[in-house]
Amino acid sequence: MIFSSIPFLFYFLPVVILFYFLAPEKLKNAVLLFSSLFFYAWGEPRFLVFMMVSILQGYICGILIERYSDSNPKRSKIILTVSVLFSLFLLGYCKYTDFFLANFNALTGMSVPLLKIALPIGISFYTFQILSYTVDVYRKDVPAQKNLIDFAAYAAMFPQLIAGPIVRYADIAPQLKKRTHSIEEISLGIRRFVLGLTKKILLANTLAQLVNIYKASNDKSLVFAWVYAIAYTLHVYFDFSGYSDMAIGLGHVFGFQFPENFNYPYISRNITEFWRRWHMTLGSWFRDYLYIPLGGNRVSKPKWIFNILIVWMATGFWHGASWNFILWGLYFAILLVLEKLWLLKKLPKSGVIPHLYVMFFVLLSFVFFDSPNVPAALATLGSMFGFAGLPLISTETLYYLSSYAILILIGLLGSTPLPAKAAKKWFGESFLEPAVLLALLAVCSAFLIDGSFNPFLYFRF
Amino acid sequence: MRTKIKNYITCFATAFFLFGFLLWGIIAPDKDVSTSERRPLAKMPTLTMESVLDNKFMSDFENYTLDQFPLRDNFRTLKAMVSFYVFRQKDNNQIYVNDGYAAKMEYPLNDSSITYAGKRFGYLYDTYMADKNINVYLTIVPDKSYFLADKNSCLSMDYEEFVRKMCAETPFAEYIDIMPLLSIDDYYATDTHWRQEKLLPVAGYLAEAMGGSLKESYSTAQLDKPFYGVYYGQSALPLPAENLYYLESPFLDACVVKDFETGDTMPVYDLEKGHGNDPYELYLSGSKSLIEITNPNASTNKELILFRDSFGSSIAPLFAENYAKVTLVDIRYIAPQILGRFIEFDDQDVLFLYSTSVLNNSTTLK
């Protein structure tokens, strides 16, 4: 089930909220757990077992790691290793098997059949959460969770289950035990949820239409290729940050404080800053569980550069089992190394040039991100830089540019803090804010409902 | 204090919205049909272990909630208004409105579709008409974008190229160009179709091109029901209702229409269908695979076979003046292979009358 759907908004969510707030304090985590399992099973009934096995191994290993941490540290380490390998194996099997088989076939000329394993939704997120939990228990950063319901409620919690943010156990362990619910928190959560829903449905989904139109077009042009790249860059931001906003908003409704995941990344002045603002929970996860264990920057320069390349290759690979994702990660690694070694000192600290620099390279990166493979990415980049023999502009370009101009403009403005500042100034204590939120909810519902628009072919009669 | 009240309003208004529509959706009886889209609406799926495990129940339930959502058409209107007037998008689900006329973007020109249509017409010619004393004609009815697209800077086909390609695919037919005779006023604002009461010049021109002439005078009658065409529902905008007119004449009153599907006779203007979901079915009862108009007062034995789409329904009665019999064939509903069982092809005029919309999406032709 996804948040931006009628069954979620008008069936699942009201019913869960009703049961949750009617349930006594002791049973609230159980309500969250069972509603999360239902939420997951709705989209992936067959894969529920993967998640439950992952949760069980994380729960048992966490307890065992803690039990032997003082009396038998070696055994504790072995259990941690088993748990980490289990998590990585599960993720690797479901997500990367066919990638490795395809590359093995390409290298050896063999034709080992691909397994065509369907990717369980959210596996990258819940695997990383469980993995970090066992590592944290081993490091004695957090005590092991003894209550299976509480642990499972954390790992499977539906607001952040399928698209993050990656919530570490340490972040919400106290709230799992005791949390407060207030009208202020719920109201804050609703505001955040509706804004996230608006980002997702009105901006991300609509810009995705423009992206798809470009891909299907037989009348491409150089300008159209740039319009596509801009539309996709905005789409991916509003899609992902919208989902994170909804997750954080739902967290507030249920009394949790989830970490922020996006902080206006497109206003960054350099790539280093961009990655401090983009998918922050993933960045900090790789920093704490891969980059620092590899030695971080407290090593020789070549080893430090190597560490950065490894971390960013893994970051790219986490996003998808394809070479273009790996290259996407390495592309940022190279930019980050260049910045740290030389570029940061040269870049102006103010003005428009640093922003143009960031957006230019981010725009190109998302062309790679969106492409099905490396040749397709290079073909699109070729179109953008005039190497594809396309005309400068075409009839379709003009039409779709004018049809989507306002949306692109809203998208560009919406990716800066300006709308939030303006809303604060305009609404303040005004009662207009609830009215605007309700209107946005109604418009989002209208866009969802119109998704069912499906005129009978007979209309051509 | 003010913040506290605002928070309470936010919570209760949202709860009222979500719970209100949840309860409304549960209590309200399910609808069978969407009149705006002219299709049956999804019903509550049956819950079985199999349908849950293969995810069918979930996807069917989602379709059900979308189709049966309370105030669904109003929400669709809201979406259209936001797309057009807030986001200033030029079309909504490929429907656009210009000068009060709603039209669907017919774009791009589909070469393979034209080729396919040409092949189907060629099959008919080779099977039934070649080496016979039959005069074969082709005419193409432009969709509304032919008139509107430029004004709205909308994407539209190159219609000259379209006609050139279609003529190249049908070298056996003499092309009759009616496009210069038509204007946007000849179409309903909310529908895809042309207006019968405006078609006399076009019908006369076609008749002349086929060696006849139209002299009959008609009176105009109005259907006693507001007409909302197919684009009214599809645009989801509050467009004004129109009046649907039809041409009456004593010679038409004497004509006999036979439906080959049922073997029954039927009126030229089916007023019952005029009051149904699609009032344009008033003309010759709408979508019929094979019908025949016999004119008992004809001064000739000539026959016309009209291969047509829905545009043919409203113009065909006007041709009846020149012929003893007009046979209408819609090869979207009848296989051309079996036509010989019903029609003896010899010594007739044959007119292929198709709209650009059907020719550019010709997969429905059999």
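Trainee: In which crossing does H1(A) pass H2(A)?
Mentor: This is a predicted model. In it, helix H1 of chain A covers residues 6-22 and helix H2 of chain A covers residues 28-43. The way H1(A) passes H2(A) is a right-handed crossing.

Trainee: At what angle do helix H1 and helix H2 of chain A pack, and is H1(A) roughly parallel or roughly antiparallel to H2(A)?
Mentor: Their axes lie 9 Å apart. The packing angle is about 160 degrees. Angles over 145 count as roughly antiparallel. That angle therefore makes H1(A), relative to H2(A), roughly antiparallel.

Trainee: Which residues in H2(A) do A:Phe12, A:Val16, A:Phe19 and A:Tyr20 meet?
Mentor: Those four names belong to H1(A). By class, the contact has seven nonpolar, one polar and one charged residues. On the H2(A) side stand A:Lys28, A:Val31, A:Leu32, A:Ser35 and A:Phe39.

Trainee: Is H14(A) oblique or roughly antiparallel to H15(A)?
Mentor: Helix H14 of chain A spans residues 353-370, and helix H15 of chain A spans residues 374-384. They pack at about 140 degrees, with axes 8 Å apart. Roughly antiparallel needs an angle over 145. The angle of H14(A) to H15(A) therefore makes the pair oblique.

Trainee: How many charged residues are in the contact of H14(A) with H15(A)?
Mentor: H14(A) brings A:Leu364, A:Val367 and A:Phe368 to meet A:Ala377, A:Thr380 and A:Leu381 in H15(A). By class, five residues of this contact are nonpolar and one is polar.

Trainee: Now chain B. What distance separates the centres of domain 1 and domain 2?
Mentor: Domain 1 of chain B takes in 2-71. Domain 2 of chain B takes in 101-364. Taken over C-alpha atoms, their centres are separated by 41 Å.

Trainee: Which are the edge strands of the open sheet in chain B?
Mentor: The sheet has eight strands, with mixed pairing. Their order is E6-E5-E14-E12-E13-E11-E9-E10. An edge strand here pairs on one side only. The two are strand E6 (174-175) and strand E10 (265-266) of chain B.

Trainee: In which sense do strand E11 and strand E13 of chain B pair, and what stands opposite B:Leu290?
Mentor: E11 of chain B holds residues 290-294, and E13 of chain B holds residues 325-329. Five bridges join them, in the antiparallel sense.

Trainee: Which helix of chain B lies across E5, E11, E12, E13 and E14?
Mentor: The helix covers residues 311-319. Relative to E12(B), it runs at about 170 degrees. Its name is H12 of chain B.

Trainee: Which element gives the most to the side of chain B that touches chain A?
Mentor: The contact takes 53 residues from chain B and 49 residues from chain A. Elements giving two or more residues on the chain B side include helix H3 (56-67) and helix H4 (72-86). By class, that side has 24 nonpolar, 16 polar and 13 charged residues. The element that gives the most, with 16 residues, is H1(B).

Trainee: Is the peptide bond from B:Tyr107 to B:Pro108 cis or trans?
Mentor: B:Pro108 sits in the loop between strand E4 (101-104) and helix H5 (111-129) of chain B. Omega of this bond is near -5 degrees. The bond is cis.

Trainee: What is the phi of B:Gln94?
Mentor: B:Gln94 belongs to the loop between H4 and strand E3 (95-98) of chain B. This residue is not a glycine, although phi is positive. The value is about 70 degrees.

Note on methods:
Residues numbered from 1 in each chain as written. Chains lettered and ligands numbered in written order. Predicted model: local features only at pLDDT ≥ 70, side-chain atom pairs only at ≥ 80, totals over all residues. Axes fitted to C-alpha atoms, helices over the stretch in contact; angles between N-to-C directions. Parallel < 35°, antiparallel > 145°, perpendicular 65-115°, else oblique. Left-handed = near helix turned anticlockwise from the far one by under 90°. Contact = placed C-beta atoms within 7 Å. Nonpolar A, V, L, I, M, F, W, Y, C, P; charged D, E, K, R; others polar. Domains from an automatic or database assignment. Pairing = 2+ DSSP bridges.
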